[in-house]
Amino acid sequence: MLVQSSRFRFRFLFPPIQKRIPSSLSFSVASSAMDSASPSMLFLCGKSSSEWEVAKSLKINDTLNLPNGGKVSALLQSEINTFRFGEYAFNVDLFLNSLSTKRFGRFLIWSPLLPSTHDVVSHNFCELPVGTVCVADTQFKGRGRSKNAWESPRGCLMFSFTLQMEDGKTVPLVQYVVSLAVTEAIKDVCDRNGFPFINVRIKWPNDLYLNGLKVGGILCTSTYKSKKFNVSCGIGFNVGNEKPTTCLNTVLKELSTTPNEFRREDVMAAFFNKFEMFYDIFINQGFQTLEELYYRTWLHSGQRVIVQEKNEDRVVENVVTIQGLTSSGYLLAIGDDNQMCELHPDGNSFDFFKGLVRRKLE
């Protein structure tokens, strides 16, 4: 039973080793290069003939658009080769040939330059097949938690996809399934290509870290319509862009004597192959089935934090130790007095959290 709620701040007693960096993974792109008045090119692609038919229908009916009257130009996969996008363009065929899913990622929207992949899938959710993914080479109005803006550089893997859920209690947990699928996808790519092991870790609730530096983030949003939750999941991950922090290829270069590189297409295909498997387990058996693997990947088991809790006009400090997650997806912690409590995020800060809401559990 929840018996007490209070607002507090805390600091780590024994924090994970990490360097202080900007809280955003953004890398500024000259605004003069971003002509927001020009239509965004959206190439509609698919794994099979059923997805190709969807693409044709969307183009013929001029269905897709962007928020605030943003213009788009819908084109088909067969039209990609009529343009010259250069060697850094996302290789649609490479991604689709590596994909082995039945639902997720099979209908693909690719854009060389886009305000936000998340806006494309969330704004057009009801017009797109569930499992649609939108990926961009560059985006200049990317979204983060608490309405943070992300300007994302070339080499960063930036994509958003859709899913639909019926149980509102499980919606907050899906971001953990997404995070886990990213870390396991990196391991899978390493194994298949003979790369050295690269240990990407999860920082709760939705950040990804490598060698103590933030290299990725997850954003999941949802709306409720017709008794279902329409969920849009966005991922930004540093694959080939070493600034502003580090990236997979920089770390791989340090570990390998051969000129190997991660490709965005391989990482995204591996992600969906993992995610579809994890998501089915999550829906059918609950997140508890994935918890052991999740805890092996996250940064927080056994972390001790000093809680600064305001009590009337006094600030009282207490020490709690993170144990795991509660059934609702918040942090489960225990105090030195053996009192169990639930920690909720309140704010969005690089320093883990500037403020939390603690609820003692009985």
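Analyst: Happy to. Let's begin with helix 6 (residues 264–285) and helix 7 (residues 288–297), which in this predicted model pack at an angle of about 135°, their axes 8 Å apart. That angle makes helix 6 oblique to helix 7; to count as roughly antiparallel, an angle would have to be over 145 degrees.

Which residues of the two helices meet? On the helix 6 side they are F278, I281, F282 and Q285. Their partners in helix 7 are Q288, T289, L290 and L293.

Strand 9 covers residues 207–210, and D207 is found in it. Is D207 buried or exposed? D207 counts as buried because its relative accessibility is 17%, and the cut-off for buried is under 20%. The side chain of D207 makes a polar contact, at 3.4 Å, with the side chain of K214. Leaving out residues up to four places away in sequence, D207 touches K214 as well as R201, I202, G216 and G217.

C233, accordingly, is in no disulfide: the nearest cysteine sulfur belongs to C220 and is 3.5 Å away, whereas a disulfide calls for sulfur atoms within 2.5 Å. C233 is buried, with a relative accessible area of 0%. C126, by contrast, counts as exposed, at 51% relative accessibility.

Finally, a word on confidence. The protein chain averages a pLDDT of 86, and 82% of the residues score at least 70. Over residues 1–12, though, the pLDDT is below 50, and this stretch has 52 contacts in the model beyond near neighbours in sequence. Residues 348–354 also stay under 50 in pLDDT, and the model gives them 25 contacts beyond four places in sequence. Where pLDDT is low, the predicted coordinates should not be read in detail.

Methods. Residues numbered from 1 in each chain as written. Predicted model: local features only at pLDDT ≥ 70, side-chain atom pairs only at ≥ 80, totals over all residues. Heavy atoms only, no water. pLDDT = per-residue confidence, 0-100. Contact = heavy atoms within 4.5 Å. Buried < 20%, exposed > 50% of the residue type's maximum accessible area, 1.4 Å probe, protein only. Helix = DSSP H or I, 4+ residues; strand = E, 2+ residues; numbered from the N terminus. Polar contact = N/O pair within 3.5 Å; in protein donor to acceptor, adjacent residues only side chain to side chain. Axes fitted to C-alpha atoms, helices over the stretch in contact; angles between N-to-C directions. Parallel < 35°, antiparallel > 145°, perpendicular 65-115°, else oblique.
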